[in-house]
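Subject: Structure handover and notes

Dear colleague,

I am passing on the structure below, followed by notes on what was found in it. Please read the notes with the coordinates open beside them.

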Amino acid sequence: MTAHQASSASEWIYRLTADHADTRPAPASSAQSIAEATDRLGAEPVAWAVALSDELARVVIREVPELGGGAGPFDTLRMGAEAATLHALLLLADPETDPVADRTVPEESLLGDREFARRRLGLDKVLRGIRVAHAALTRALMNACQELAPPSARAEQFRRVSELLFDFVDTFSSRMTAEYLSEHDRWVTSGAAAREETVRSILDGRPVKLEAASELLTYRLEGHHLAVIAWCDNPAPDVTDDLQRAAAELLHQRGCTSTLVLPMGRTTVWAWGDPGASASTRKPATAGYPDGFRIACGSVRQALPGFRQSHEDAEHAARIAHLNPAGTGPVVDYPDVELAALISADLPALRRFVRDELRELAADDQHADRLRRTLRMYLRNERSLTVAAAQLHVARNTVTYRVKRAQEVLGHDLAARLPELMTALEAAQTLGPAVLRPQGRDAPA
């Protein structure tokens, strides 16, 4: 920060600070963008912008739900909001900035705009999202100015914030509109758009000409199908190529000789492969995926209905992975989580069922987890203490103690509600915190 900057009326920008240092969200922008902004503004104003952008993305999705749709779209939206917020701070921090002079729109905002076009979201929804974010950003900056700027400078700073952001959002909207329309035209005239439209027609159950669709997709629709959905939990500005490679490699590891891979926006890939009738149980090694990469796999199914059904299975597996990210590995197979997927369609009802059935064993802490895991293994092995001990790698007496303690907590004989108990234990094992009682509340002694 220069001496001129420090002494200016805009000095309050450099005193912005984010709350709760231990729970601040990680930046969504590239490392280079964050480093450049930190060099010019300082670490705390950048952290303030990152935290505010996380909130802006949530506000926008609340007001325009179509712009959401999961972790990938949320991070894309957050990245665009973060880039625009940092850009606004850089303009405000320089007292010599002419509000109409800098008409740059951050590239990371344009990335999200292009994804909205490829997702076929209406331009009206994109522009409404921009207006909602602009209003929330203006309020946040006005509040910060009221708190941090010297009283003698507030009126001028309020005027500057209002003027600069009004011009910035006008320029921003114009550039985003142009980029959206350009990307929309490119996408509509590309072969990728035709393939995506055909796939969506199949998934929606609309009639398609089988031979023509297979030819367009260069993928045989009459065969067996293994569908996968790949996404990235903490994406870089563009990970689509890497996700496509990861999805294709997994399908080849599963024995698929022909594949269809479609990018769906910037952070998600849909893919299908034909493993034939004999490769349904082959599992790939999960090592080597980049950090944050996740893949959900459907069941192997056959013919045109199977193309749709396997994708639906993969969607259910992906939903389970989103509900309990820490409880599943980088690859989630639908057959492994099928029961949890079926009973979690009404998640609030399942949550009540698990907590009612397991009582204090539904606490989300280590002690309750040990009792649940032991009881589950004991029951799955037809009440064999020896087998359960071997699988848990503990002494037989340890299993005896834990089973006895779990039964005391439940307050009834294990056989009294065995199907319900096993279902609740499976749900707790697969879904974890999504159905358990938060730590510290009514945990067993």
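Contact here means heavy atoms within 4.5 Å. On that basis, residues 24 or more positions apart account for 74% of the contacts in the protein with a separation of 6 or more. This is a predicted model, in which local features need pLDDT of at least 70 and side-chain atom pairs count only at pLDDT 80 or more, while totals for chains, interfaces and linings use all residues. Residues are numbered from 1 along each chain as its sequence is written, and side-chain values use heavy atoms, with hydrogens and water left out.

The secondary structure comes to 17 helices and 6 strands, where helices (H or I, at least four residues) and strands (E, at least two) are DSSP runs, numbered from the N terminus. Of the 445 residues, 50% count as buried, a class that means under 20% relative accessible area, with exposed being over 50% and partly exposed in between (1.4 Å probe, protein chains only).

As for nonpolar cores, each is a set of buried Ala, Val, Leu, Ile, Met, Phe, Trp, Tyr and Cys residues joined through side-chain atoms within 4.5 Å. The largest has 57 residues, of which Val199, Trp272, Phe307, Leu358 and Leu375 touch the most other members. Helix α17 (residues 418-431) gives the most to this core, with 7 residues, and apart from this core lies another, of 53 residues, among them Ile34, Leu91, Leu164 and Val169. Leaving aside residues up to four places away in sequence, Trp272 touches a set of residues that includes Val199, Leu203, Tyr219, His225, Phe307 and His311.

Two helix pairs deserve a look, and for both the axes are lines fitted to C-alpha atoms, for helices over the stretch in contact, with angles running from 0 to 180 degrees between N-to-C directions. The axes of α3 (residues 43-63) and α4 (residues 71-93) come within 8 Å and cross at roughly 135 degrees. That makes α3 oblique to α4, given that angles under 35 degrees count as roughly parallel, over 145 as roughly antiparallel, 65 to 115 as roughly perpendicular and the rest as oblique. The crossing of α3 and α4 is right-handed, whereas α4 passes α5 in a left-handed crossing; a crossing is left-handed if the near helix is turned anticlockwise from the far one by less than a right angle, and right-handed if clockwise. The axes of α4 and α5 (residues 107-118) come within 7 Å and cross at roughly 145 degrees, and their contact residues divide into 6 nonpolar, 4 polar and 2 charged, where Ala, Val, Leu, Ile, Met, Phe, Trp, Tyr, Cys and Pro count as nonpolar, Asp, Glu, Lys and Arg as charged, and the others, Gly among them, as polar.

Finally, there are two backbone points to check. Ala303 has a positive phi of about 65 degrees although it is not a glycine; Ala303 is placed in helix α11 (residues 303-323) and is partly exposed, with a relative accessible area of 26%. Arg383, also a residue other than glycine, has a positive phi near 60 degrees, lies in the loop between α14 (366-380) and α15 (385-392), and counts as partly exposed at 37% relative accessibility.

With best wishes
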